[in-house]
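Morning, everyone. I'd like to walk through one structure today, starting with a sheet and ending with the cores.

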Amino acid sequence: MAYSDYETVIGLEIHAQFSVNSKLFCRCSASYGGGDNENTCPVCTGMPGALPVLNEKVVEFAVKTGLALNCKVNQKSVFSRKNYFYPDLPKGYQISQFDEPVCGNGHIEILLDGEKKKIGITRAHIEEDAGKSTHHGEFTLVNLNRSSVPLLEIVSEPDMRSPQEAAEYARTVRSVLRYLGVCDGNLEEGSMRCDCNVSVRKKGETKLGTRTELKNINSFRFIEKAIQYEIERQIDSIEAGQAIVQETRLYDSTKNKTFSMRSKEEAHDYRYFPEPDLIPLKFDEAYIAKIKTSLPELPNQRSARFQKDYSLPEYDALILTIEKEMADYYETVVKTCGNAKLASNWIMSELLRELNNSKKEISDCPIKPEALGEMIMMIDKGTISGKIAKTVFAEMFTSGKSPKDIVASQGLTQITDTSAIEKIIDEVMTANPNQLNDYRSGKDKLFGFFVGQAMKASKGQASPEVLNDLLKKKLKG
Amino acid sequence: MDKKEVEKIGRLSRLKLTSDEVDFYTNHLSMILGHFEELSSLKTDGIEPLITPTAPTAHIAKDEVKRTITTEEIIKNAPEKSGNLFRVPPVVGGD
Amino acid sequence: MKFLNQTLLDVRDQIQSGKAKSVDVVSESLERIKKYDKDINAFISMNDAAIKRAEEIDARIKKGEKVGRLAGVPIAVKDMYCTKGLKTTAASKILNNFIPQYSATVVEKLEKEGAVIVGKTNCDEFAMGSSNENSAYGVVQNPWRKGHVAGGSSGGAAAAQAARYVFGSMGTDTGGSIRQPASLCGLYGIKPTYGRVSRYGIIAYASSLDQAGPLASSTKDAAEILTSIAGFDEMDSTSSSEAVPDFAKEINTDMTNVTIGIPKEYFGDDLNPEIKSVVLNAIEVLKSQGAKFKEISLPHTKFAVPVYYLVATSEASSNLSRYDGIRYGLRVPSQDLNELYSQTRSDGFGTEVKKRIMLGTFALSSGYYDAYYKKASQVRRIILNDFLKAFTGCDAIICPVTTSTAFKVGERIKDTISMYYNDIFTTSTNLAGLPGMSIPGGLSKEGLPIGVQIMAPHFKEQTIFNISQALENNLKVDLKMKGGMVDGI
């Protein structure tokens, strides 16, 4: 049988670290870095008698995110202890939420290859992060700076059918988190982590296959690659008559393979029970309503608005709104130049290409949106030609200089003065008597030759319209 | 509760038990659970479990950083450390 | 004894007014401990800075500064409370070298009120026990009678107070650990409402049941200490913001508008006759003061012990996971992490603690959760509902504290079941989060103290103190130890 006889079923567990000042259950700094064990206290190091106290902001962020993911926000939710031993888990249990999470039953829409698809969200719950163990062969060192940093675990339904869908879902969730300002969504630094549950089954089969959980994936590209590898591994195993083992597998991006973590006996009896040191979270309708009204415009809403207000095609609107910073950038450009279509064209083609080539994010784009707007305005007003604009743009991207300065210092202003252009045409005609004769005896095709020569002589600065008009007149004689 | 169960519980709670201890705890725990069997006679369908017996309004803290203790104090009691990090042996083999 | 046979309030007043010096009072306390504690074994460790602290208090008073409710008086603290810079063991080998770098909120409050903490008292390991025989630091003798237990788990706290080492002794009560030893040692010991006192920095046994409270030699002394330590704490999410009365000041012994319930389930045929007669006598005395009595029913009382042990051990199995030999406490070195965990914990925990960790692990484990932990938590609500219903018809409940007087060391330790069922009269209040107090009610024929228990609705400790004071005034129990281990009482 071939790979194409199988169907893939994928569900994602996304851990989003909330961008807050202090930890989930103590007032230690939740920021990255810090000296070894600098951001710790009796609570997050599990000292005897220390007790957790919930961070207000985390609750607000969780509700916000839940609402943005179209979840039902539960008026009562409960914290539970998940018990297991590990050196970076100082209490011997992780405070999480189990049977009564803060958010349940949501969904989000993704767009892939022009097709829309709704991905279900089973639940989203608040939990604390563990510390960090670094292994050095003979010994392991434990740093608890990350212990009790707040996370939201967003669990999807097994609704995705391809690695591309999984990656697109993750990108869409990240986009929402960043719009909300609750998580910076940095996969490399680990402020957003994606664990992928993958299984395969023969097409037409309704029962789910045995799944494996892929961890240690730190880019969207690797989500696709890891899942692709895992799909093929699973199908190969099944075809070879081997059963899939339900286990956690680590993705190694340098080898592009997944490896079994060797599940331990009884490792799964976490003995969840309600955390007696915390009171259940309770919200009234008014609180939820208040948060709802405070929600910012979300990517899908912004995309719809861009289509409506700026007459952008759906695809362009979507690309421009995935990143909040990109959408903000676009709107600033439009505000400066007043030409929505031209702004979209320049960003979608030139800017995205340059950013991509230089591996830069829009937030560190060397061209400020006001400057790009100014440049577009210069095109609009005829100060520079579209062609010259490309040169100006390239210079802006490398030097960060303003378009005015570049145009002025390099003398790139478009020549619209008819006498100046006539002078250039005269010179070109004088320099090419044979071609002129040929043209005048009916070789119309040579018109393009003269345009090229004249434009070259003007260093590209001649206004194409003016040049065309004058050239036609002059060539006639 | 049988010996196998006690051995499993011992592993789950990271307690190393000698075979005498396994016997001892199997006896004691079985006896205790036997006495507690009377609970099963009580119908509890639909009753919400009680966790916190009084109902204080949930206390929630403001999201601000407060330093209450130094790193030196945090690691002071550690049996073994490297610099300011806790030091432990690695996991060798399975559980 | 110059000071220690007086009440806390009297000596506090003398220190505050300059008539007595804290240094002298604390010195007397330390001398007494030095003299008797080799035999009684109430303390695990002493606070070397106590005298210095007393001198500071005296100096502040001399300067005219206001020093709090407990100005300059020596207080003992159970070794379950973290004390900054002072070894805290929970009477366990696994914490035998642990020096906390922070203090429990209660300890901070005691110190803010001017108390001088003289030392850390012995108890059952992690407060698991009813006789103080489960301590890595040895059994505590009952000052009333050598060879008899002081009760538990706050056995050292009770012995320290009964021996009049101090003016108040801080205990913790998860299933009766303040009230039972108070009863066996002839003391006033109150377990406040769950949430009344912060649990921050108190080593957890069972988080939803643990409460801190004082053992003292009079109603007012206990009340004054409770006022000092109670109140909301931003470090404990389960602490209550309920207003804290000035309990001692507001004591009102007028019993004419007080209705007290007598739960018939607590007075079964098997109730020890001496204990029964002491409680009945207390009822008569309160009647003579105008209190009304009515029979009530707490029909699910017999389930309290199994529910208590299932809930407490489940929580404990999780609470004690942090003792893993990594960040503090005992470590049995090993080349392998899992070996380190299990060796450290096997070596560091005592038999009873291990038994309870395993019981709790079992009750929470997959396949048993519903039948044990969840079932117990549901019955816990039924038990609370019994009390809520009963309190619609009465202001307080009167009943026994213990099934017997102080028993002999070694007599029951092998019999787990009878040891557990000793807690029959005390566990319900913890399950329901209610305040309960043991008040000296009389002596047995053998001359050992017997307590009477008063319970009240949530946050009605004042009602309990009122009744306690009425009993103290009118019972006139002879608390002079005959044949005791210490003199001067």
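Predicted model: local features only at pLDDT ≥ 70, side-chain atom pairs only at ≥ 80, totals over all residues.

Start with the open sheet: four strands, paired antiparallel, in the order 9(A)-10(A)-3(B)-2(B).

Strand 9 of chain A runs antiparallel to strand 10 of chain A, residues 140-143, and four bridges join them.

Next, the step from chain A to chain B. How many bridges link strand 10 of chain A and strand 3 of chain B? Three, again in the antiparallel sense. Here A:L141 has B:R87, in strand 3 of chain B, as its bridge partner. As a reminder, strands of a sheet pair through backbone hydrogen bonds.

Chain A puts in 36 residues and chain B puts in 32. Which elements of chain B give two or more residues to the side that touches chain A? Helix 1 (3-12), strand 1 (60-61), helix 3 (71-75) and strand 3 (85-88) of chain B. Strand 3 of chain B has the largest share, with four residues. By type, that side of chain B has 15 nonpolar residues, eight polar and nine charged.

On to a helix pair in chain A. Helix 10, residues 386-399, and helix 11, residues 403-410, have axes that come within 9 Å. They cross at roughly 115°, and the crossing is right-handed. From helix 10 of chain A, the contact uses A:V392, A:E395 and A:M396. From helix 11 of chain A, A:P403, A:I406 and A:V407 take part. That contact counts five nonpolar residues, no polar ones and one charged.

Last, the cores. In soluble globular proteins, nonpolar side chains tend to be buried together. The largest nonpolar core here has 263 residues. Which members touch the most others? A:C196, C:V73, C:I75 and C:A396.

Take C:I75. Setting aside neighbours within four places in sequence, its contacts are C:L70, C:L110, C:A115, C:V116, C:I117, C:V166, C:F167, C:G168 and C:M170. Another core lies apart from the largest one. That other core has 35 residues, including A:A327, A:Y329, A:M378 and A:I384.

That's my tour. Over to you.

Methods:
Residues numbered from 1 in each chain as written. Chains lettered and ligands numbered in written order. Pairing = 2+ DSSP bridges. Contact = placed C-beta atoms within 7 Å. Nonpolar A, V, L, I, M, F, W, Y, C, P; charged D, E, K, R; others polar. Axes fitted to C-alpha atoms, helices over the stretch in contact; angles between N-to-C directions. Left-handed = near helix turned anticlockwise from the far one by under 90°. Core = buried A, V, L, I, M, F, W, Y, C linked by C-beta atoms within 7 Å. Buried ≥ 20, exposed ≤ 12 C-beta atoms within 10 Å, placed from the backbone.
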